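Q: Can you walk me through this one? I would like to start with a single residue and then look at the rest.

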Amino acid sequence: MTNTHLKMDGLAKSYGNFIAVEEFSLDISEGEFIAIMGPSGCGKTTSLRMLAGLETADRGEITLAGNRIDQLPVWERETPMVWQNLALFPFMTVRENVEFGLKMRGVAGAERRRRADDWLERLGISTYADRNVARLSGGQRQRVALARSLVLEPKVLLLDEPLSALDAHMAIKMQGELKKLQRELGITFVYVTHSHSEAFSLADRVVIMNAGRVEQIGSPQDIFLRPRSKFVAQFVGGISLLEGKVSGRGDTKRFLDTRDGKVRLSHSSGLAEGAAADLAVRADRISVTVEPGWGENEIACTLISEEFAGAVVNLHLETASGHSLVAQLQQRDLEQLDASIGTRVYASWHSDDGFLLERARQSGLGTKARAA
């Protein structure tokens, strides 16, 4: 994945006074799996629809394999979409649904059937070829929708929350099948989802959008471990934020002055004295004790609630100033802590486990996270 295969350059779309997408630029390599995430109304689906040709961009360009396609009709773009509601024809059989796109392209009947049957076989639903799609399960209909798109042999496959209608067990199963299929075919996938688990488990890179703009683009690990803005940190979740101002001079003694006291920063923070910033610390990096003096950075808190999450438990804490922190503990560590709701506890972390987000630059890709 070295050369740009699909390029979206400065796409924008408005509906009257409402700006759906203000600026969307992204270079995608051939065979890459891209996931686009963000809250409802952030512009992710509009961006996908502009790529598919279902919406006309107010400005910007789209090129595929070096050729501009944003002025082409939908059927000439080679970018079919798998819809959230799958959009299958309920009056057709499975095979007829898969053949439909080929029929519209004028492919002869025998060839249509051969190619459709091939994809039904590859997706494990050949035994349902003559069955009406209305009689299939959710997972089976999902495979039919994929087969209908893939039989066209597209260069890019667009997917708009394709697993949202499935139950949790089936969605997880289909995630694995989608990733395996994408790797085997080498087709570029552009995937819109609300699900963090889908994006982080499937994608090579994740795009986070907010209010029509791209907030951050990076690998799942980059997005999860090093969000570049307060918005991304809060959207990804599992991160506690402390507001303050940088104090101290030199490289060895730097602090963040918060309403709950001074917090030691790593020597590589790189921010000027007096700079307003948020210190971000992942929940799994915060330790909780009932006695003080166990950590480099330590803040007295009240244990507000416990959230059971399988193998781990999220402890919701509140500082004296009313600030919220979340610590993630293993079940056995919680048992050893022996603290009840309302108990005074101490949250602590090492300075290298925090990083700073400059509040003056928290919008767009220019935002930089600093180790703290």
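Q: Is Asn314 buried or exposed, and why?
A: This is a predicted model. In it, Asn314 has a relative accessibility of 12%. Buried means under 20%, so Asn314 counts as buried.

Q: Where does Asn314 sit in the chain?
A: Asn314 belongs to strand β17, which covers residues 312-319.

Q: What does Asn314 touch, leaving out residues up to four places away in sequence?
A: Asn314 touches Ser305, Glu306, Glu307, Ala309, Val326, Ala327 and Gln328.

Q: Which side chain makes a polar contact with that of Asn314?
A: The side chain of Gln328 does, at 3.3 Å.

Q: New topic: helix α1. How many of its nine residues are buried?
A: Seven of them are buried, so α1 (residues 44-52) is largely enclosed by the rest of the structure.

Q: Which ones are they?
A: The buried residues of α1 are Lys44, Thr46, Ser47, Leu48, Met50, Leu51 and Ala52.

Q: And what follows α1?
A: Gly53 does, and its phi is positive, near 95°.

Q: Now the largest nonpolar core. Which residues have the most contacts inside it?
A: Val144, Leu146, Leu157 and Leu159 do, in a core of 46 residues. A second, separate core has 27 residues, among them Leu256, Val263, Leu279 and Ile299.

Q: Back to Leu146. What is it in contact with, apart from neighbours within four places in sequence?
A: Leu146 is in contact with Val82, Leu123, Leu157, Leu159, Met174 and Leu178.

Technical notes. Residues are numbered from 1 along each chain as its sequence is written. This is a predicted model: local features need pLDDT of at least 70, side-chain atom pairs count only at pLDDT 80 or more; totals for chains, interfaces and linings use all residues. Side-chain values use heavy atoms; hydrogens and water are left out. A nonpolar core is a set of buried Ala, Val, Leu, Ile, Met, Phe, Trp, Tyr and Cys residues joined through side-chain atoms within 4.5 Å. Buried means under 20% relative accessible area, exposed over 50%, partly exposed in between (1.4 Å probe, protein chains only). Contact means heavy atoms within 4.5 Å. Helices (H or I, at least four residues) and strands (E, at least two) are DSSP runs, numbered from the N terminus. A polar contact is a pair of N or O atoms within 3.5 Å; within protein, one must be able to donate a hydrogen and the other to accept it, and residues adjacent in sequence count only if both atoms are side-chain atoms.
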